[in-house]
Amino acid sequence: MLIIFSAGAAQAVVEEIAAAYTRDTGDEVKAEFSAVGAMKARVTAGEAVDLVILTGALIDELIQSGHVAAGSRADLGKVGTGVAVRAGTPRPDVSSAQTLRASLTAATKVVFPDPAVATAGKVVMQACEKLGIVDPVKPKMQFFPNGYAAMRWLAASDGRSEIGITQITEILANKGVTYAGPLPGDLQVKAVYSAGLAAKAANPAAARQFIARLTGAAARPILEKAGYEFGS
């Protein structure tokens, strides 16, 4: 069995590639997904894992701490942060800082991953600070363990003015929400996501094979469809 700990931003891609990997090899994949901080904590706590997929910065930290094998980092691509609403509700204008400020101020609830553990959560808080709307929006903020959880809540909501913000890959993977657009201008922060071989992997050969599938040319269309970007 191949054990994977992954950021939610890579969930759609990992699940698709895992299905093909299992069909081709017969090897079962057990993949768990959550916010990057939560997954890093599980790795450093010594939980059994073969392959880790987090932001490139956190993979580098895990290499430095000896939890991920040196030289094993392989980048998937970059992911931006976007805005979502429940499917079937009006799509807010988020094309500029001014319109995003108005949309967030008018929202009845703003849901996103917990900034204590999630990349997107930190980006949202930084954006609100830059927009000068932390005080009016803070009472309407609701944190979730990860972006998928935030999007599931949004999809099941019954209002017409809730807004969700998370990694674009987590929005596009959830059919119950509608992607309104990326955070505009300098409010946008794109994170590189990378895979790394766990230093104490019980199944290192399988992990290396999976990394090759995940980052090879055949995976590029899957990554692009999921919302990944490439190049500088």
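Leaving aside neighbours within four places in sequence, which residues is Arg101 in contact with? Arg101 is in contact with Leu131 and Ile133, where contact means heavy atoms within 4.5 Å.

## Basis of the model

The model is predicted, so local features need pLDDT of at least 70 and side-chain atom pairs count only at pLDDT 80 or more, while totals for chains, interfaces and linings use all residues. Residues are numbered from 1 along each chain as its sequence is written, and side-chain values use heavy atoms, with hydrogens and water left out.

Helices (H or I, at least four residues) and strands (E, at least two) are DSSP runs, numbered from the N terminus. Buried means under 20% relative accessible area, exposed over 50%, and partly exposed in between (1.4 Å probe, protein chains only).

## Nonpolar cores

A nonpolar core is a set of buried Ala, Val, Leu, Ile, Met, Phe, Trp, Tyr and Cys residues joined through side-chain atoms within 4.5 Å. The largest one holds 44 residues, and Val52, Ile53, Leu54, Phe210, Leu214 and Tyr228 have the most contacts inside it.

Beyond its neighbours within four places in sequence, Phe210 is in contact with Leu2, Ile4, Val14, Ile17, Ala18, Tyr21, Val29 and Leu51.

## Helices H1 and H9

Helix H1 (residues 11–25) packs with helix H9 (residues 204–215) at an angle of about 125 degrees, and their axes are 10 Å apart. Axes are lines fitted to C-alpha atoms, for helices over the stretch in contact, and angles run from 0 to 180 degrees between N-to-C directions. The angle makes H1 oblique to H9; angles under 35 degrees count as roughly parallel, over 145 as roughly antiparallel, 65 to 115 as roughly perpendicular and the rest as oblique.

The H1 and H9 crossing is right-handed. A crossing is called right-handed if the near helix is turned clockwise from the far one by less than a right angle, and left-handed if anticlockwise. On the H1 side, the contact is made by Val13, Val14, Ile17, Ala18, Ala20, Tyr21, Asp24 and Thr25. On the H9 side, Ala206, Gln209, Phe210, Arg213 and Leu214 take part.

Ala12 is also found in H1. Its relative accessible area of 28% makes Ala12 partly exposed. Outside the four places on either side in sequence, Ala12 is in contact with Tyr148 and Ala173. Ala12 and Val137 are 125 residues apart in sequence and 30 Å apart in space, C-alpha to C-alpha.

Helix H2 (residues 36–44) has Val36, Met39 and Val43 as its buried residues. They lie on the same side of H2, because they cover an arc of only 70 degrees around the axis; the arc is that of the directions from the helix axis to the C-beta atoms. An α-helix has 3.6 residues a turn, so residues three or four places apart point the same way. The cover over the buried residues of H2 includes strands E1 (2–7), E2 (29–34), E3 (51–55) and E10 (191–197), together with helices H3 (56–64) and H5 (119–131). Just after H2, Gly46 takes a positive phi of about 95 degrees.

The axes of H2 and H3 come within 11 Å and cross at roughly 15 degrees, and the two helices are therefore roughly parallel to each other. H2 passes H3 in a right-handed crossing. Val36, Lys40, Val43 and Thr44 of H2 make the contact with Leu58, Glu61 and Leu62 of H3.

## Thr55 and Thr119

Thr55 is in strand E3 and counts as buried at 9% relative accessibility. Apart from neighbours within four places in sequence, Thr55 is in contact with Val36, Thr119, Ala191, Val192, Tyr193 and Ser194. The C-alpha atoms of Thr55 and Tyr193 are separated by 4.2 Å, although the two residues are 138 apart along the chain.

Thr119 has its place in helix H5 and counts as buried at 18% relative accessibility. Not counting residues up to four places away in sequence, Thr119 touches Val36, Thr55, Gln167, Ala191 and Tyr193.

Arg101 is in helix H4 (residues 97–106) and is partly exposed, with a relative accessible area of 31%. Its C-alpha atom is separated by 32 Å from that of Met39, 62 residues apart along the chain.

Val134 lies in helix H6 (residues 134–137). Val134 touches Cys128 and Glu129, not counting residues up to four places away in sequence.
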